[in-house]
Every structure is written in C-alpha cells, then in structure tokens.
Amino acid sequence: MSQLNTTATDKDKERADKVRQKFRHFRILIIGRANAGKTSILQKVCNTTEEAEIFNSEGEKVRML
Ligand SMILES: Nc1nc2c(ncn2[C@@H]2O[C@H](COP(=O)(O)OP(=O)(O)OP(=O)(O)O)[C@@H](O)[C@H]2O)c(=O)[nH]1
Ligand SMILES: [Mg+2]
C-alpha cells in the first residue's frame, strides 16, 4: 500500500501563498471524539507544535486545564 506524502513541495507552498493572499481569514471546523487527534491535525495544518489559543464568543481567552 502506498504512503501518503505529507511533505510540502515548492508548488504546494506557491499555491498556499496564493490562497493566503486571496483569503485573509478563514475558519476550520475539526470535530471528533475525545483523543481522536483533533489538536494534532490543527497543529499539522498550522505547521506548529504550539498549543491552540481558545476564545469564547465574547472574545475572552478560555483557559484549558
Ligand atoms: N496513531 C496515531 N496517533 C495519533 C494520530 N494523531 C494523533 N495521535 C495521537 O493521539 C493522541 C491524541 O491526539 P490529540 O491531537 O491530542 O487529540 P484531540 O482530539 O485533540 O484530543 P482532546 O482535545 O483531548 O479531545 C496523541 O497521543 C497523539 O499523539 C494519528 O494520526 N495516528
Ligand atoms: Mg485537543
């Protein structure tokens, strides 16, 4: 079985730059049961190992325990 290649090529980065220029803001919904890998997907998409900052509908930062 073939492996999914997750390494971004120069062409991928070029495309991503174009999307970033066109859309200044966007929303991503990641939904799944506890421990499914939601945070891991978000970190991969954002190319980071940082923890996500979460804000409520009033714009106040939510502290995760
Ligand atoms: N085998 C495997 N493990 C994964 C994968 N993605 C994440 N994990 C592991 O699964 C565990 C949970 O990942 P998280 O990204 O924290 O999951 P989550 O959905 O954010 O968890 P909660 O926020 O607690 O609901 C971690 O130990 C990850 O390393 C994957 O694709 N394969
Ligand atoms: Mg999580």
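I started with Val-19, which sits in helix α1 (helices are DSSP runs of H or I with at least four residues, numbered from the N terminus). This is a predicted model, so local features need pLDDT of at least 70 and side-chain atom pairs pLDDT 80 or more, while totals for chains, interfaces and linings use all residues. Residues are numbered from 1 along each chain as written, ligands from 1 in the order written, and side-chain values use heavy atoms, without hydrogens and water.

**Helix α1**

Helix α1 covers residues 10–22 and reaches 19 Å from first C-alpha to last, close to the 18 Å expected (1.5 Å times one less than the number of residues). Of its 13 residues, the number buried is 0, so α1 lies largely in the open.

**Ligand 1**

What surrounds ligand 1? I found Ala-34, Asn-35, Ala-36, Gly-37, Lys-38, Thr-39 and Ser-40 (a heavy atom within 4 Å is the criterion).

Next I went through polar contacts (pairs of N or O atoms within 3.5 Å). For Ser-40, a polar side-chain atom is 2.6 Å from a ligand 1 oxygen; for Thr-39, the side-chain distance to a ligand 1 oxygen is 2.7 Å. Ala-36 uses a backbone N or O atom, 3.2 Å from an oxygen of ligand 1. The protein covers 39% of the 650 Å² of accessible area that ligand 1 has on its own (Shrake-Rupley, 1.4 Å probe).

Methods. A polar contact is a pair of N or O atoms within 3.5 Å; within protein, one must be able to donate a hydrogen and the other to accept it, and residues adjacent in sequence count only if both atoms are side-chain atoms. Helices (H or I, at least four residues) and strands (E, at least two) are DSSP runs, numbered from the N terminus. Buried means under 20% relative accessible area, exposed over 50%, partly exposed in between (1.4 Å probe, protein chains only).
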